[in-house]
Protein chains: 2
Amino acid sequence: MKTIENLQNLIVVMQETQHITSAISLLSWDQECYMPKGGGRARATQLSYLKGLEHESRTGRKMQTSLSECVDLETGTLLTPASEWDERAQALLRETWRDYYHATRLPSDFVRTLGLETSLAHQVWIDARKQNNFSLFAPNLKRIVALKKQEADYLGYTDSPYDALMDEYEPGMTVAHITPLFEALKSKLLPLVAKIGQSGVSADDELFRKFYDPQRQWDFGLKVLSVMHFDLENGRQDHSVHPFTASFHPTDVRLTTRVDPHDFLSSLFSSIHEGGHGLYEQGLSQEYYGTPLGTAISLGIHESQSRLWENSVGRSRAFWTYFFPKLCAVFPENLKGIDFETCYRAINGVRPSLIRVESDEVTYNLHIMLRFEIERMIIEDDLPVEDLPDIWNEKMEAYLGIRPETNADGVLQDVHWSGGAFGYFPTYTLGNLYAAQFFNQAEKEVTGLSEKISAGDLLPLKTWLNEKIHRWGRQYSSQDLLARVCGEALNPSYFTNYLETKFGELYQV
Amino acid sequence: MKTIENLQNLIVVMQETQHITSAISLLSWDQECYMPKGGGRARATQLSYLKGLEHESRTGRKMQTSLSECVDLETGTLLTPASEWDERAQALLRETWRDYYHATRLPSDFVRTLGLETSLAHQVWIDARKQNNFSLFAPNLKRIVALKKQEADYLGYTDSPYDALMDEYEPGMTVAHITPLFEALKSKLLPLVAKIGQSGVSADDELFRKFYDPQRQWDFGLKVLSVMHFDLENGRQDHSVHPFTASFHPTDVRLTTRVDPHDFLSSLFSSIHEGGHGLYEQGLSQEYYGTPLGTAISLGIHESQSRLWENSVGRSRAFWTYFFPKLCAVFPENLKGIDFETCYRAINGVRPSLIRVESDEVTYNLHIMLRFEIERMIIEDDLPVEDLPDIWNEKMEAYLGIRPETNADGVLQDVHWSGGAFGYFPTYTLGNLYAAQFFNQAEKEVTGLSEKISAGDLLPLKTWLNEKIHRWGRQYSSQDLLARVCGEALNPSYFTNYLETKFGELYQV
């Protein structure tokens, strides 16, 4: 039986491409974390060129030659019967062809133009957000939208051009699949939010909006990351405007966060969230670095890892049983006289808010649905970019009962559109659903998980995730992996049951 | 007459190569400043691949096609009479061919191997220095030396293989040229050092070896850089083990320094020194970015800029007339009761010391001569790597009268050999000679230069350097530029006169 050993030429080509990809990742990370302002234009030109080079490497003659020895380049069919290849090699060929096929749909010039536009738009978005001036950003966004529609046409689709874009982030996912799912979720979330609002129970987070020394916040975040077994010899954490995770190799994974002296929870949960992403990246195979077998499956599965750590673990009673005394020791002046229950409630307060990344577990998905609906209008219905602020604000009022006073707190809040990432947002909600289902399974399989978390022993959970999810890379599709790990297909009731139980207890509803 | 406009294809190829070069620079900068330790091996592989890619881009078909339209690739002769090209275009073709010719001497595999070896050796050197264990580093160094000898053979030379290596850093410079120059300098420096030692005058720097708050040191360094008109919107400063400057574009220039709480002068003068390098990089042509016309001439000329700012300016009475009161305001507890003269003397103390980068203006060049002599023994005479520590220590005793107690303070102190940079050290002394000659000229041409420096007005000097040196890139060779700016060939007496005058006054010798 033929194995991956028979695919060494192909693997070398992919690893060469990966070196360029990782350089691009570092240039992008640096752009967010350290680049002086004046360097933006040169960096944009450079990134555009390197993305073109990456694209050529991913689709060029060397790749074609190696891949076409085993696969029909037009259809993806194996040239010899699948039974001649072992499972791992089959997965490698399947996913490599998928990447190749997708990449060859986009002409090099197009890729280069999109790279240049998004790199420039990024700087403009930062300024527009700072100045609360949407019209500064609108011309860039308009060009990006036009390019993304062109991209959908290149990629091809059956029902909606949005499907083509979403498929890049969550392979196989479609508007037809997601729309009923989101509607069902909405029908559970809106009543839950309403009941909580009417409960009369207060879960105020004012105690975390006092001044918290930034350096001590930073150190506490690093302490939590180390208890999570995020490996700081093979990773680090830096400051950026918008928290993100970048990985250049499983031995070099970079988290970023922002520290607000008057919003401790935002800083801390950004660290934990990105730490979850980082653990996935550190847990990928080093042996298959650069190949699909050493790469995360999808953004939804990636997000399931960050949300599992952030919410299922980080906002649980068990987690704070361990960390509450430590937190009191680091910030004695802030937490004097505060008991565990008050702290736990402050961490789990549910209240409609303007900013997605700061919203609670219950309202979070309403933020995503709003974006999903707006993105469909832009991509499917040609909604003019100029109308975005109004539509945004109207939907905020309809779903969350609040209206942003500024576009900086509304339509300009997220980095995604400046990067051309349409179709990305739905993966956040998918991540929440996957996370609830995975964590439910971990509770069954890791003996005494809750007690272990209460004792600060997070290694068994991290190891379980390494074994069940991280190490497989893209060997299985997201839906296949979920079924393999949990013995069941995607089932949103794990998430809604979790919310109803946790917040039912907390808000007595 | 044909101009640069006729060379656009060629320029595009060079700018594409530059994007790769700048990515390599950022990866290297990150390796020194932020990379987690575990990332070293993957980074080495990545850098090796990208250096190969850069080499291919510099020598490949696109480059050959564009260049061969104007130049005979084997000889560098223009295909049409030189008189048909304007001076700028001629310079571009001359220097581009030089780079092409040099790069084609080295096979891609060789370049890749050298890149991998040096990247790995860098981490080993850091550990060896930390552990004061030369034998840890010796096997890596041995492989690098073998590769450098092979490189000299590839590049070709008439008299010494060392000439071939030095030519990469200081085009046209040879052992035959430098040896008598260095011997003459030595014959002036050894007596001066001896006279100063016997003068009985104390210029103790103990006052700068008290505890100086690192954050205030950092801020003071940035203040000095901004007075030098180093543009912090188009550059920044970070921490690293060994200070260096990296430029990714004139709008993105990175300085690094190290801050020692008990060695204020080392931190400060590292900042000023790298600031001088940084001003050169920020002053290069943006229009000709990526081409020889937007590139520094040589390491010697580069070093002249750092040394001019560090010594001619930064250690002068004029400079401290402006900065002494500011320093006292930032560190009142350290400088209470200290007068200007004591401070000035402490900054200009001459005493034989172990570490090159911390040595004074007079003894500095003896450190360089030692390295130059050792490098010749390694490259010309096959001195075994194992003998280096002993030879180093013997020469230290002969020239400076002191012997390192550890290899960390001796043969392991500099980063250069781990990077394969043999032939680099002599450019430091050339830089000192150029600096003295340039500064002498600036004093003639910038009206009231000394008074301006005393008033903290460093803009006229910075502008003079921009005009006379920076903006020309490699339009002229180092020796031609020097003659053009100063109306005279390289003349070491400007440097020795400067030393004898300054230290004669200070030490009454």
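A: A helix is a DSSP run of H or I with at least four residues, a strand is a run of E with at least two, and both are numbered from the N terminus. The model discussed here is predicted. With that convention, B:Asp382 is placed in the loop between helix 15 (364-381) and helix 16 (388-400) of chain B.

Q: What is the phi of B:Asp382, and is this residue buried or exposed?

A: In general, most residues other than glycine have a negative phi. B:Asp382 is not a glycine, yet its phi is positive, at about 55 degrees. Since 12 or fewer other C-beta atoms within 10 Å make a residue exposed, B:Asp382, with 9, is exposed.

Q: In which loop of chain A does A:His229 lie, and what is its phi?

A: A:His229 belongs to the loop between helix 9 (214-227) and strand 1 of chain A. Its phi is also a positive value in a residue other than glycine, near 70 degrees. A:His229 has 16 C-beta neighbours inside 10 Å and therefore counts as partly exposed.

Q: How many helices and strands does chain A have, and what is its radius of gyration?

A: Chain A contains 21 helices and three strands. Its radius of gyration is 23 Å, close to the 23 Å of the globule rule for 509 residues, so chain A is as compact as a globular protein of that length. Along the principal axes, its C-alpha atoms fill a box of roughly 70 × 55 × 45 Å. Of the 509 residues, 46% count as buried. Among the contacts in chain A with a separation of 6 or more, 73% join residues 24 or more positions apart.

Q: Which domains does the domain assignment give for chain A, and how many residues of domain 1 are in contact with domain 2?

A: The assignment gives domain 1 (4-157) and domain 2 (175-507). Taken over C-alpha atoms, their centres are 26 Å apart. In chain A, 37 residues of domain 1 are in contact with 32 residues of domain 2. On the domain 1 side, helix 1 (8-33), helix 4 (87-105), helix 5 (108-131) and helix 6 (134-155) each supply at least two residues. That side divides into 20 nonpolar, nine polar and eight charged residues.

Q: How many residues of chain A are in contact with chain B, and which helix of chain A gives the most?

A: The size of an interface is often given as the accessible area lost when the parts come together. Here the description is by contacts: 26 residues of chain A meet 27 residues of chain B. Helix 1, helix 2 (40-59), strand 1 (235-239) and strand 2 (245-249) of chain A give two or more residues each to the chain A side. Helix 1 gives the most, with seven. By class, this side has eleven nonpolar, nine polar and six charged residues.

Q: Which residues have the most contacts inside the largest nonpolar core?

A: They are A:Ala23 and B:Ala23, in a core of 220 residues. Domain 1 and domain 2 of chain A both give residues to this core, so the core lies between them. Leaving out residues up to four places away in sequence, A:Ala23 touches A:Leu50, B:Ala23, B:Leu27, B:Gln46 and B:Leu50.

Q: What should helix 17 of chain B span at 1.5 Å a residue, and how many of its residues are buried?

A: The expected span is 1.5 Å times one less than the number of residues. The 20 residues of helix 17 (residues 426-445) of chain B should therefore span 28 Å, and the end C-alpha atoms are 29 Å apart, which agrees. The helix is mostly covered, with 15 of its 20 residues buried.

Definitions and conventions
Residues numbered from 1 in each chain as written. Chains lettered and ligands numbered in written order. Predicted model: local features only at pLDDT ≥ 70, side-chain atom pairs only at ≥ 80, totals over all residues. Domains from an automatic or database assignment. Contact = placed C-beta atoms within 7 Å. Nonpolar A, V, L, I, M, F, W, Y, C, P; charged D, E, K, R; others polar. Core = buried A, V, L, I, M, F, W, Y, C linked by C-beta atoms within 7 Å. Rg over C-alpha atoms; globule rule 2.2 N^0.38 Å.
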